[in-house]
Amino acid sequence: MTVYFIGAGPGAADLITVRGQRLLGRCPVCLYAGSIMPDDLLALCPPDARVVDTGPLTLDQIVDELTEAHAAGLDVARLHSGDPSLYSALAEQCRRLDERGVDWEVVPGVPAFAAAAAALGRELTVPGVAQTVTLSRVSTLSTAMPDGEDLRTLSAPGATLVLHLAAAQIDAIVPELVAGGYRAETPCAVVAFASWPQETVIRCTLADVAERMKAEGVTRTAVIVVGDVLAAEGFTDSYLYSTGRRRGSRH
């Protein structure tokens with residue numbers, strides 16, 4: 001049997017992919033992280049499914065649950081918020097499943113940064129302004145950043161920067177970004193609980209973001225976006241749809 005690592009999307013139940021929804025609706029076992037998974041998404045599980053909140057479990061206990069289901073001939077829906085390719089602890093689970101001979105498959109989902117960009121109504125790559133998006137986070141007691149991935153280095157190009165899992169450290173983040181490639185007046189935005197009913201959107205500058213986040217009570221489950229694309233006006237149209245572009249036959 002197979003363990004399906006399913007990207008559940010940023011929160012709204014209808015932002016799971018069609019493939020993910022179909023798998024969730026037929027798997028007799030479902031594992032999910034309770035603090036970041038909405039109830040209406042779990043309602044898609046079969047009525048008689050074994051549904052396990054992994055919040056209080058260790059990594060080894062989670063893998064044991066997956067292995068036991070596999071041994072019993074049961075497919076498993078392992079739900080991860082957003083997309084499993086980002087900050088999901090996917091790699092260590094798959095490594096252990098490989099060691100135990102358990103088959104697995106990854107089903108991509110809508111990442112939080114995409115939901116944040118949608119809430120802002122902004123493209124993160126604008127011609128002549130920024131064509132690079134850097135996705136990162138900051139060091140915590142549990143996960144240090146590798147050498148060369150500090151905020152000053154990452155912000156040096158001045159392109160679009162998206163920070164996950166960083167809201168609680170905003171006071172330390174801003175000085176590092178300003179000392180790197182951004183200005184105090186660089187546009188900034190914060191989207192907390194993107195696509196959830198309690199979604200909060202803050203639009204400001206780097207100089208103001210810490211104060212605005214504190215005023216709104218944003219301390220977690222937020223995406224921070226920094227870059228001139230957030231206020232880009234008068235930029236050059238993309239060549240993709242230019243009238244001067246020669247169009248060949250699709251056939």
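Q: At what angle do helix α7 and helix α8 pack?
A: Two packed helices are described by the angle between their axes and by the distance between those axes. In this predicted model, α7 (residues 170–179) and α8 (residues 206–216) pack at about 175 degrees. Their axes are 9 Å apart.

Q: Is that roughly parallel or roughly antiparallel?
A: Angles over 145 degrees count as roughly antiparallel. α7 is therefore roughly antiparallel to α8.

Q: Which residues of α7 and α8 meet?
A: From α7 come I170, D171, V174, L177 and V178. From α8 come L206, V209, A210, M213 and K214. By class, the residues of this contact divide into eight nonpolar, no polar and two charged.

Q: How do I read α3 against α4?
A: Take angle and distance again. Helix α3 spans residues 59–71, and helix α4 spans residues 90–100. Their axes come within 10 Å and cross at roughly 50 degrees. That angle makes α3 oblique to α4.

Q: Is the crossing of α3 and α4 left-handed or right-handed?
A: α3 passes α4 in a right-handed crossing. On the α3 side, the contact is made by L59, D60, I62, V63, D64, L66 and T67. On the α4 side, E92, Q93, R96, L97 and R100 take part. The residues of this contact split into five nonpolar, two polar and five charged.

Q: What does T67 touch, and is T67 buried or exposed?
A: T67 is found in helix α3. Leaving aside residues up to four places away in sequence, T67 touches L97, R100 and V102. Buried means under 20% relative accessible area. T67 has 19%, so T67 is buried.

Q: Now the sheet. In what order do the five strands lie?
A: The order is β3-β2-β4-β1-β5. The sheet is open, and the pairing is parallel. From one strand to the next, the twist averages 20 degrees.

Q: Which strands stand at the edges, and why does one side of each lack a neighbour?
A: The edge strands are β3 (50–53) and β5 (103–107). Each has a single partner strand, so one side of each is left without a neighbour in the sheet.

Q: How many bridges join β1 and β4?
A: Strand β1 (residues 2–7) and strand β4 (residues 76–80) pair in the parallel sense over five bridges.

Q: How many bridges does β2 form with β3, and how many with β4?
A: Take one neighbour at a time. β2 and β3 pair in the parallel sense over four bridges. There, C30 has V51 of β3 as bridge partner. β2 and β4 pair over three bridges, again in the parallel sense. V29 stands opposite V76 in β4.

Q: Which way do the residues of β2 point?
A: Sort them by side. V29 and L31 point one way from β2. C30 and Y32 point the other way. All of these are buried.

Key. Residues are numbered from 1 along each chain as its sequence is written. This is a predicted model: local features need pLDDT of at least 70, side-chain atom pairs count only at pLDDT 80 or more; totals for chains, interfaces and linings use all residues. Side-chain values use heavy atoms; hydrogens and water are left out. Axes are lines fitted to C-alpha atoms, for helices over the stretch in contact, and angles run from 0 to 180 degrees between N-to-C directions. Helices (H or I, at least four residues) and strands (E, at least two) are DSSP runs, numbered from the N terminus. Angles under 35 degrees count as roughly parallel, over 145 as roughly antiparallel, 65 to 115 as roughly perpendicular and the rest as oblique. A crossing is left-handed if the near helix is turned anticlockwise from the far one by less than a right angle, and right-handed if clockwise. Contact means heavy atoms within 4.5 Å. Ala, Val, Leu, Ile, Met, Phe, Trp, Tyr, Cys and Pro count as nonpolar, Asp, Glu, Lys and Arg as charged, and the others, Gly among them, as polar. Two strands pair if DSSP finds at least two bridges between them. Buried means under 20% relative accessible area, exposed over 50%, partly exposed in between (1.4 Å probe, protein chains only).
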